[in-house]
Amino acid sequence: MSQSLYRQIAQQIEDKIKAGELNIYDKLPSERYMSANYGVSRNVIRESLKLLNEKGIVEIRKGQGCYITKPGKEEITERVKDAIIYNDFSLNEILDVRKSLELSSCENIVKNCTLENIQNLKKYYSAMSKSFSNNTEYAKNDFLFHLELIDCSKNRLTKLLVNAINDVSDEELYKIKRTHSSLNISQRHHKEMLKAIEKSDVQKLYEAMIKHFDALGNDINEL
């Protein structure tokens with residue numbers, strides 16, 4: 001079986017979904033029908049559907065057939081992460097994108113932040129304060145703090161992208177042995193962010209984020 005052939009069939013099916021010729025939750029025709037329609041073996045169709053299933057585009061239900069679905073957040077996040085990893089972007093490049101996404105969200109963060117968001121931010125801030133001796137634990141709570149910041153914005157796409165980017169960057173940050181002094185500076189910036197959000201001060205939040213990412217960039221460049 002030609003590897004490119006089943007990928008071509010999978011792409012044709014995906015193109016039809018994108019064009020609206022096939023709709024979300026529709027049931028696809030049988031393997032026998034598609035085999036005859038595309039002029040390929042049923043094994044090629046089976047492999048095409050398997051590929052689409054792995055991408056989260058179709059759902060294969062045993063004994064019921066194959067149904068069109070839409071990729072969930074997990075599938076999209078994994079694809080973004082894979083694109084970052086396989087293209088071998090540097091940690092500085094990844095952090096630049098994180099910085100841009102968070103800075104551009106400042107107004108929405110302040111505007112849409114809820115009491116629950118603030119409580120969660122305080123919880124992660126407290127956890128970071130208690131984990132200076134454990135870089136990995138600090139980085140995990142730092143990840144949760146920044147993800148909560150983006151959740152404040154109530155922009156689902158931004159949150160999805162930041163989640164994927166943070167997953168990759170924080171896996172690398174776990175490996176960095178940051179000094180006690182560096183973590184103190186980081187926590188000072190986190191505290192400034194919290195205060196700015198509580199006071200609904202977009203400019204102060206923006207300034208605290210700038211300082212935070214610049215300091216983190218300096219830590220990375222000193223390695």
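Thr158 lies in helix α9, which covers residues 156–173. The model described here is predicted.

**Surroundings of Thr158**
- Thr158 has a relative accessible area of 13% and is therefore buried, the cut-off being under 20%.
- Leaving aside residues up to four places away in sequence, Thr158 touches Leu101, Ser105 and Ile150.

**Helix α10: span and end**
- Just after α10, Ser200 adopts a positive phi of about 55°.

**Helix α10: buried residues**
- The buried residues of α10 are Ser182, Leu183, Ser186, Gln187, His189, His190, Met193, Leu194, Ala196 and Ile197.
- The elements covering these buried residues include α6 (106–112), α7 (115–129), α8 (135–153) and α11 (202–221).

**Packing of α10 with α11**
- The two helices pack at an angle of about 165°, and their axes are 8 Å apart.
- Because this angle is over 145 degrees, α10 is roughly antiparallel to α11.
- The crossing of α10 past α11 is left-handed.
- On the α10 side, the contact is made by Ser182, Ile185, Ser186, His189, His190, Glu192, Met193, Ala196 and Ile197.
- On the α11 side, Lys204, Leu205, Ala208, Met209, Lys211, His212, Ala215 and Asp219 take part.
- By class, this contact comprises eight nonpolar, five polar and four charged residues.

How values were computed:
Residues are numbered from 1 along each chain as its sequence is written. This is a predicted model: local features need pLDDT of at least 70, side-chain atom pairs count only at pLDDT 80 or more; totals for chains, interfaces and linings use all residues. Side-chain values use heavy atoms; hydrogens and water are left out. Buried means under 20% relative accessible area, exposed over 50%, partly exposed in between (1.4 Å probe, protein chains only). Helices (H or I, at least four residues) and strands (E, at least two) are DSSP runs, numbered from the N terminus. Contact means heavy atoms within 4.5 Å. Axes are lines fitted to C-alpha atoms, for helices over the stretch in contact, and angles run from 0 to 180 degrees between N-to-C directions. Angles under 35 degrees count as roughly parallel, over 145 as roughly antiparallel, 65 to 115 as roughly perpendicular and the rest as oblique. A crossing is left-handed if the near helix is turned anticlockwise from the far one by less than a right angle, and right-handed if clockwise. Ala, Val, Leu, Ile, Met, Phe, Trp, Tyr, Cys and Pro count as nonpolar, Asp, Glu, Lys and Arg as charged, and the others, Gly among them, as polar.
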